[in-house]
Amino acid sequence: MRVPLRRAGLVVTAALAALLALAGPAAAHGADAPDGTDYRVEVTALSPAPRGLTARIVEAGARLEVTNTTGRDVEVLGYSGEAYLRIGPGGVYENTRSPATYLNRTLAGDTQLPPEADPAAAPVWRKVSDDRSARWHDQRTRWLESDPPAPVTADPTREQRVRDWVVPLRDGDRTIEVRGTLDWVPPPDPYPWWVAGTLGFLLIGAAGLAPAGTAAGVRALRGVGALLALGGLAAVAATVGRALDAGTDGVGGVLLGLLTAQTWALLTGLGALAAGGYALARRPAADFALALAGACLALFAGAANLAVLSRSVVPAPWPADLARILVTLVLATGSGAVAAGLLRLRTAARAARP
């Protein structure tokens with residue numbers, strides 16, 4: 001039994017290393033889909049509002065989305081009033097001469113402009129999508145500074161308006177304004193969520209102290225398996241929530257979003273469900289399966305979403321507290337299953353010694 005115990009430790013270490021390796025490229029990419037923020041961005045009006053033209057905020061305020069089904073082209077204007085995007089029946093085109101084309105590629109808006117970026121030059125259009133919707137990071141809608149605005153610094157405990165914003169569109173010879181608001185929302189206290197997660201971890205991990213092969217050990221194994229499956233369901237729900245908040249529509253769109261942007265979280269949630277069922281069925285090596293699936297769940301679906309516990313605006317279509325409950329459940333059940341599985345493997349290894 002020493003070999004499975006060593007393997008479980010190696011698996012936990014490898015999962016942590018993989019998480020850190022994946023975090024590097026994500027940070028370098030500009031954190032385009034934030035895990036949470038304290039600034040709430042909302043679209044309040046489209047003026048005038050032609051039929052077939054809509055606008056909304058997606059990805060916890062990170063992107064503005066405009067959908068055009070009017071049957072004619074509509075242009076999004078850049079920061080100097082130049083044509084930036086063209087959305088219409090032929091798809092989405094970007095103007096390679098517009099500085100906004102490059103600045104809006106990252107959340108921070110710190111992309112270096114190429115020599116050809118000139119808002120006064122005639123547009124040069126490049127097709128980027130066959131869709132009739134465009135999503136982009138617009139600096140007019142968000143707060144880009146690292147420090148909060150002065151009024152927020154003076155009183156960060158009060159929800160307050162930072163500014164009203166406008167993004168202009170051009171429909172033929174008329175101008176359409178996408179209007180919205182940017183508000184500061186005080187962050188929640190993460191302490192109660194950490195306490196709940198820690199207590200859950202201790203309670204679930206303590207189940208691993210019940211001797212394997214006894215009636216108490218069987219009940220403990222099944223209990224941990226059921227709780228790990230519950231954590232897997234919570235991870236899948238949180239992953240679906242992120243896909244919906246990213247603006248995906250319909251079953252096909254959600255599935256595509258899950259498979260392209262939320263792959264690891266989805267796989268770990270499904271893996272926890274499978275490992276939970278494995279333990280409930282008392283299959284051989286169920287302890288190892290609990291430790292492996294629990295480690296992946298806690299890291300890829302729990303630790304990767306820790307910002308949800310301390311940010312007021314989270315990437316989910318439901319109330320923020322529900323998102324925090326899901327993440328806390330994932331952390332508690334995943335880490336608890338690791339502890340319980342390793343304890344049971346250690347107990348079995350000791351029992352097998354001469």
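Helix axes are lines fitted to C-alpha atoms over the stretch in contact, and the angle between two axes runs from 0 to 180 degrees between N-to-C directions. The model used in these exercises is predicted.

**Exercise 1. Work out how helix 7 and helix 8 are oriented to each other.**

Solution. 
Step 1. Take the geometry. The axes of helix 7 and helix 8 (residues 286-302) come within 9 Å and cross at roughly 155°.
Step 2. Apply the cut-off. Angles over 145 degrees count as roughly antiparallel.
Step 3. Conclude. Helix 7 and helix 8 are therefore roughly antiparallel to each other. Their crossing is left-handed.
Step 4. List the partners. Helix 7 contributes W264, A265, T268, G269, G271, A272, A275, Y278 and A279, while helix 8 contributes A286, A289, L290, A293, C296, L297, F300 and A301.
Step 5. Sort them. This contact has 14 nonpolar residues, three polar and no charged.

**Exercise 2. Describe how helix 5 packs with helix 7.**

Solution. 
Step 1. Find the angle and distance. Helix 5 (residues 215-245) and helix 7 (residues 263-280) pack at about 160°, and their axes are 7 Å apart.
Step 2. Name the orientation. That angle makes helix 5 roughly antiparallel to helix 7.
Step 3. The crossing of helix 5 and helix 7 is left-handed.
Step 4. Look at the residues. On helix 5 they include L221, R222, G225 and A226. On helix 7 they include A265, L266, G269 and L270.
Step 5. Sort the contact of helix 5 with helix 7. The residues divide into 15 nonpolar, five polar and one charged.

**Exercise 3. Compare the UniProt transmembrane regions with the model.**

Solution. 
Step 1. Read the record. The unreviewed UniProt entry places "transmembrane region" at residues 191-212, 224-244, 264-281, 288-310 and 322-343.
Step 2. Check residues 264-281. This stretch is 94% helix and 0% strand, with end C-alpha atoms 26 Å apart.
Step 3. Check residues 288-310. Here the chain is 65% helix and 0% strand, and the end C-alpha atoms are 33 Å apart.

**Exercise 4. Decide whether L182 counts as buried or exposed, and find what it touches.**

Solution. 
Step 1. Locate L182. It sits in strand 10 (residues 174-184).
Step 2. Use the cut-off. Buried means under 20% relative accessible area. L182 has 0% relative accessibility, so it counts as buried.
Step 3. L182 and E42 are 140 residues apart along the chain, yet their C-alpha atoms are separated by 6.8 Å.

Notes:
Residues numbered from 1 in each chain as written. Predicted model: local features only at pLDDT ≥ 70, side-chain atom pairs only at ≥ 80, totals over all residues. Heavy atoms only, no water. Helix = DSSP H or I, 4+ residues; strand = E, 2+ residues; numbered from the N terminus. Parallel < 35°, antiparallel > 145°, perpendicular 65-115°, else oblique. Left-handed = near helix turned anticlockwise from the far one by under 90°. Contact = heavy atoms within 4.5 Å. Nonpolar A, V, L, I, M, F, W, Y, C, P; charged D, E, K, R; others polar. UniProt positions renumbered as here; feature names shortened; annotations may be inferred. Buried < 20%, exposed > 50% of the residue type's maximum accessible area, 1.4 Å probe, protein only.
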